[in-house]
Amino acid sequence: MKFEKELEDMIHACAQCFYCRVCPAFQSIKWESVSPRGRVYMLKGLKNKKIKLEPQLVEDFYKCTTCGACEEQCQTALHLVDLWEMARAEMVKEGLAPLPVHKKLRELALQTDNPYGEPKEKREDWIKGYKYEENAEIMYFAGCTASFRAVELAKNTVDLFNKVGLKFAYAGKNEYCCGSPFLRTGQRDVAYGLFRKNYEEWKKRGVKTIVSSCAGCYRTILIDYPKIAKELGLEWNFEVLHTSQLVNKLIKEGKLSPQKFSAKVTYHDPCHLGRHTKVYEEPREVIKAIGAELVEMDRNRGESFCCGSGGGVKSQFKDLAGAIGKNRILEAKETGAEYLISCCPFCKYHLKQMADEQGVQIKVVDLVEIVNNLAVKGEYKGDDIRCA
Amino acid sequence: MAEVKEIPKSDWAVHRYLYTRDISNAPVINLLLKQVDVIYQPRNEREVLEVLRIAKEEGATVVPRGAGTSGYGGVLPVKDIALLRLSRRKTIMIDFTRMDDFEIDEEKRLIECSPGAVWWEVEKKLNKKGLTLRVYPTSAPSSTVAGWIAQNGYGVGSLKYGGIAENVEKLRVADFSGVKEVEGKDLKYYIGMEGITGVITKAWVKVKEMEEMKYYGFHVSAKEANKIVFAGDHYAGLFLDSNYVKLKNEAFGTELPEKDTLMVATTEKLDGDESLGEEIWETRFYPMRVRRLGPGLVAAENVLPAESIPAYLNKLNKMIKKPHGSEIWYSKGRKGAVLSFIPSDERKFFSYAFTWFNSIRALKLAKSMRGVPYSTGFYLSSEAKLLFGGDYSELREYKRNVDPKGQLNPGKVFPVGVFPLAMGILQKVIP
Ligand SMILES: Cc1cc2nc3c(=O)[nH]c(=O)nc-3n(C[C@H](O)[C@H](O)[C@H](O)COP(=O)(O)OP(=O)(O)OC[C@H]3O[C@@H](n4cnc5c(N)ncnc54)[C@H](O)[C@@H]3O)c2cc1C
Ligand code: SF4
Ligand code: SF4
């Protein structure tokens with residue numbers, strides 16, 4: 001494996017203190033080869049040729065949701081998620097990764113521009129009946145999951161935009177996967193191709209602000225895209241917003257006055273929205289603005305526990321995703337809340353599945369669904385998003 | 001036995017490599033260390049006994065492991081040849097990750113912990129009941145209850161409540177002949193013994209009611225700090241010398257005044273700077289962030305009488321030529337544990353190895369000023385006599401009786417084989 005200086009410095013800066021034991025994968029599996037400390041030490045061992053790069057090691061390296069909980073606690077403030085992604089990219093170069101399911105996603109994305117392998121033309125099916133522009137300063141980026149699987153999220157978002165009279169553009173079948181699944185799993189080349197397509201589309205349409213209702217897309221466009229643009233020598237001057245931020249802004253500016261929602265709710269910080277991009281307060285402000293009683297889970301904001309589905313874990317390691325998700329849904333149950341609100345289609349789908357499996361009586365919903373329902377009706381009807 | 005197969009275990013090469021590690025990275029000395037052969041993760045005391053039975057049957061050595069956050073080599077297996085044994089013995093590690101449950105006895109103000117219970121997890125649950133730990137190490141977010149007891153030491157709260165040794169009520173321990181409960185004066189056979197006399201399977205530790213604590217900062221010298229720290233009935237005291245504050249600023253990107261700084265945590269009202277005090281309190285779990293600056297770190301840790309600390313720091317600062325800094329956690333009995341950090345790039349073999357000599361020089365200096373090393377482990381087993389004083393012979397005798405074949409964590413705490421001799425010589429020859 002090749003060790004760039006940045007990667008090597010991080011490996012040597014690790015104090016081996018194990019504050020990163022909070023890792024949801026380690027908490028489930030209990031062996032250090034799936035802990036952040038163990039991974040850093042494995043990289044050191046590979047560098048010093050004390051251990052060999054072997055399939056089991058690579059597999060354990062991928063048992064990570066890229067949730068960033070390790071980074072939050074890190075004694076030496078290491079950028080661990082970057083480290084995992086750099087290391088995974090090297091493993092791909094060595095030919096021992098990506099793992100089978102991740103490879104499959106790659107093939108699908110190369111053919112269809114989305115990891116679900118859905119026909120490109122179907123991407124815009126969900127928006128029929130809603131008003132949008134071809135060109136506008138604000139671009140709604142629905143993302144693959146909301147376009148093909150969790151269409152209710154996309155629908156509720158644009159429905160809300162229509163209600164408040166927000167002028168926005170939507171690229172339809174010219175919207176492409178943001179590339180997140182490929183960046184997270186070390187397949188950077190695929191992500192670069194997708195970046196270019198999206199970037200050109202946005203430039204062509206005179207976009208200034210990109211709004212996403214998916215935490216994963218938001219993180220990718222906000223954090224990864226500027227870096228890729230820089231690498232490719234392209235100018236980057238887009239403002240990037242998550243729907244929760246936009247909704248909060250609209251409420252604060254008096255442009256949106258949803259009716260009251262008198263229920264006890266708890267909020268799950270999606271890792272890519274919370275820890276990765278530090279959007280902790282806006283969703284909570286929206287929840288307070290609609291008058292719901294917010295009961296926090298023990299682990300919240302920076303200490304929030306992952307839902308278990310990110311980083312390619314759910315697609316490749318179902319049991320692990322299940323063990324992590326179970327832990328989180330039981331924590332949500334402890335609060336006694338009626339609703340578990342999140343701001344990410346992956347978290348919602350996975351936590352809902354966990355609630356069903358564990359027989360936990362809690363309604364798992366996205367923030368935008370609640371707000372949109374309250375913007376006209378008085379009561380949330382609990383439409384389910386369709387996820388396969 | 002049928003259960004054996006069920007105990008989670010691994011002998012995968014990568015795990016053997018991963019579990020043969022603590023926070024130290026000792027140059028040259030690591031030639032005397034070997035890898036563990038198999039790691040067991042028992043889930044209960046019965047399984048611990050089963051692993052001990054296997055070890056006995058196979059003539060294997062046993063190394064217990066909590067979170068592996070100690071830095072004296074206590075969790076690192078020593079080569080048999082270094083212990084002057086000609087035949088190679090198998091090494092079994094008992095990792096307590098899966099034994100992390102605990103209970104709170106509110107009435108008795110006690111916690112009853114399985115060995116792998118993590119201090120800060122315990123604290124969070126205690127706080128919900130209006131209780132709190134009396135003492136905890138600054139590694140509390142990860143280190144285990146039995147790990148700290150077996151290692152022994154001082155930490156947050158030691159100013160008022162002493163070291164962990166003074167806060168253990170009772171222990172349950174397993175060895176090759178079964179399980180026993182020990183309390184009172186017999187606790188000394190296990191606290192700070194790093195598993196060489198038996199494996200801790202349960203610990204009862206004293207806790208207290210939560211109190212409203214205030215944190216004060218002072219820009220004072222080490223001499224002045226002694227006066228403030230020991231003047232009242234304070235909970236915790238931490239001194240950062242100006243050198244350490246400088247490193248801390250660099251590593252954290254903060255702008256604390258680069259002066260000698262004292263933080264006191266207390267229920268009393270003091271005339272100090274609260275925002276400074278709080279800032280230092282908030283980062284108490286991050287003493288090693290300065291490792292970034294190496295990247296790599298060499299540490300020296302000694303316990304000194306409070307009166308000796310100012311002169312010790314003065315001499316130490318003149319002695320160590322590289323950028324370095326010291327922090328001191330004060331303890332009951334007018335003592336302080338002085339921890340000095342020297343960031344050093346561990347990839348540069350010679351300069352890193354040379355930097356390690358500073359730990360030995362710091363130890364020599366401390367000893368000349370009525371100080372003692374913080375711990376023994378493997379690296380400083382040569383210092384056991386000094387550390388245990390009058391108890392030394394009795395403790396060694398106890399060890400011989402419970403573990404006649406030297407299978408329990410061999411090479412730790414007491415001097416055995418070539419290395420302690422070499423350490424003794426090194427101390428003599430290093431200027
Ligand atoms: C950031 C940081 C801060 C620290 N702060 C402090 C501090 O304030 N005070 C302090 O004293 N130390 C401190 N340490 C050192 C270390 O954390 C402590 O010694 C710690 O409590 C060890 O716990 P552990 O669970 O990591 O034990 P380990 O390192 O795993 O083990 C320590 C010793 O105990 C033995 N052992 C482990 N479990 C058992 C058992 N069940 N039965 C018998 N023997 C056992 C091991 O064999 C080993 O010899 C710090 C370390 C770090 C990284
Ligand atoms: S990012 Fe999350 S899952 Fe991955 S190592 Fe860190 S804590 Fe574990
Ligand atoms: S918290 Fe950071 S420094 Fe500590 S072991 Fe984990 S990665 Fe290393």
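**Ligand 2 shell**

I looked up ligand 2 in this predicted model and listed the residues around ligand 2: A:Cys23, A:Pro24, A:Pro36, A:Arg39, A:Cys64, A:Thr65, A:Thr66, A:Cys67, A:Gly68, A:Ala69, A:Cys70 and A:Trp84. A residue counts as near a molecule if one of its heavy atoms lies within 4 Å of it. Helix 3 (36–47) and helix 5 (69–73) of chain A are the elements that give two or more residues to this shell. Helices are DSSP runs of H or I with at least four residues, strands are runs of E with at least two, and both are numbered from the N terminus. By class I noted 8 nonpolar, 3 polar and 1 charged residues. Here Ala, Val, Leu, Ile, Met, Phe, Trp, Tyr, Cys and Pro are nonpolar, Asp, Glu, Lys and Arg are charged, and the others, Gly among them, are polar.

**Conventions**

I numbered residues from 1 along each chain as its sequence is written, with chains lettered from A and ligands numbered from 1 in the order in which they are written. Local features need pLDDT of at least 70, side-chain atom pairs count only at pLDDT 80 or more, totals for chains, interfaces and linings use all residues, and side-chain values use heavy atoms, with hydrogens and water left out.

**Ligand 1 site**

I found 37 residues surrounding ligand 1, the closest being B:Thr69, B:Ser70, B:Thr144, B:Tyr154 and B:Tyr374. The site is shared between chains, because residues from chains A and B surround ligand 1. I then took some polar contacts (pairs of N or O atoms within 3.5 Å). The side chain of B:Ser70 has an N or O atom 2.6 Å from an oxygen atom of ligand 1. For B:Gly74, a backbone N or O atom lies 3.3 Å from a ligand 1 oxygen atom. A polar backbone atom of B:Ile200 is 2.8 Å from a nitrogen atom of ligand 1.

**Helix 1 and helix 6, chain A**

I checked how helix 1 (residues 5–13) packs with helix 6 (residues 80–93) in chain A: the angle is about 125° and the axes are 10 Å apart. A:Glu6, A:Leu7 and A:Met10 of helix 1 meet A:Leu83, A:Met86 and A:Ala87 of helix 6, where contact means heavy atoms within 4.5 Å. This contact has 5 nonpolar, no polar and 1 charged residues.

**Backbone**

Most residues other than glycine have a negative phi, and most peptide bonds are trans. I noted a cis peptide bond joining A:Ala97 and A:Pro98, with omega about 5°. B:Gly294 to B:Pro295 is also cis, with omega near -5°. A:Lys49, not a glycine, has a positive phi of about 60° and sits in the loop between helix 3 and helix 4 (55–61) of chain A.

Conventions
Axes fitted to C-alpha atoms, helices over the stretch in contact; angles between N-to-C directions. Polar contact = N/O pair within 3.5 Å; in protein donor to acceptor, adjacent residues only side chain to side chain.
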